[in-house]
Amino acid sequence: MRELVAAWHIALAVIRQNSPFMTVFSTVRFSARDWRSHGHMIPILLACGMTASAIALVAYLLWPTWSANGLSSPERLPISVGGALFNVPTAAIRMNVQRHTGPQERIDLAFGFPSLDPPDAPKHVSAESVEEITQPIDRIFLSISAHHDALAPEARVSTIYPRYLEQTSTPLADGLTMRAFRSSTPYGGEDLFFADTPNSRHAAAANAATPGMCLSERRIDGADLTFRFPRTWLAQWRDVAMR
């Protein structure tokens, strides 16, 4: 009997010694069950993180295009006039409706002289200061239009203009010669200036009411080029013709 009581006491002592281990083991088993019950949240959290990263990347790449000014215009536009292709500076085109690529019937351009760069935007002038500010004429204007088989500029100089010119001519400086049109002709009030080479011939208006303007014409394939510049520039006509 004593042996049974002793064995019973030994068993109770062993149970008391192992009770902390059993408690920890029970707790660990509970935590594992809780982790397995919430395991489906892991893919959701990963998907949310990837989506947020993708949105941030797209926003970073597209951020420059969200400005109020948008994309700027290209520096040059390929424009076809009368079948002739011209690489036109965008800033030199005078009319906004003509600022597009492709075939056009006519384009009007302006360039600073003598740099031949596109001119700056015109300054704002009020009604009070319009008479105080004198704008110098420092631009050369160019119109490019399809000629549709009209008479070439060189042909008009050699066949049409001589019918209406005065008989006398006036030599000018630097090899330039002037002949006036008769007042009773369609070109009355204008003069024809010509030099030794046909490419240097110009028709200049001489209207006293407005500053005199010269017209110089060229033909390139199916397009006629008409240059307009102040008559006073004829004093340096060689520089104008070379540019």
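Mentor: Three strands make up an open sheet with mixed pairing, and their order is S2-S1-S3. Strands here are DSSP runs of E with at least two residues, helices are runs of H or I with at least four, and both are numbered from the N terminus. Two strands pair if DSSP finds at least two bridges between them. The edges are strand S2 (84-89) and strand S3 (102-104), each of which pairs on one side only. On average, neighbouring strands of the sheet are turned by 40° against each other, direction ignored; the axes behind this angle are lines fitted to C-alpha atoms, for helices over the stretch in contact, and angles run from 0 to 180 degrees between N-to-C directions.

This is a predicted model, in which local features need pLDDT of at least 70 and side-chain atom pairs count only at pLDDT 80 or more, while totals for chains, interfaces and linings use all residues. Residues are numbered from 1 along each chain as its sequence is written, and side-chain values use heavy atoms, with hydrogens and water left out.

Take the two pairings in turn. S1 and S2 run antiparallel and are joined by 6 bridges, with Leu77 opposite Val88 in S2. These two strands form a hairpin with 2 residues between them, and Gly82 in the turn has a positive phi of about 60°. Strand S1 (residues 76-81) pairs with S3 in the parallel sense over 3 bridges. In that pairing, Val81 stands opposite Gln104 in S3.

The loop between S2 and S3 contains Gln98. Gln98 is buried, at a relative accessible area of 7%; buried means under 20%, exposed over 50% and partly exposed in between, with a 1.4 Å probe and protein chains only. Beyond its neighbours within four places in sequence, Gln98 is in contact with Ile79, Ile93, Gln104, Arg106, Ile107 and Asp108, where contact means heavy atoms within 4.5 Å.

Apart from its neighbours within four places in sequence, Ile144 is in contact with residues including Val81, Phe86, Leu109 and Leu225.

As for the chain as a whole, it has 4 helices and 11 strands, and 24% of its 243 residues count as buried. The mean pLDDT, the predictor's confidence in each residue on a scale from 0 to 100, is 76 for the chain, and 64% of the residues reach 70 or more. Over residues 19-28 pLDDT stays under 50, and the model has 0 contacts beyond four places in sequence for them.
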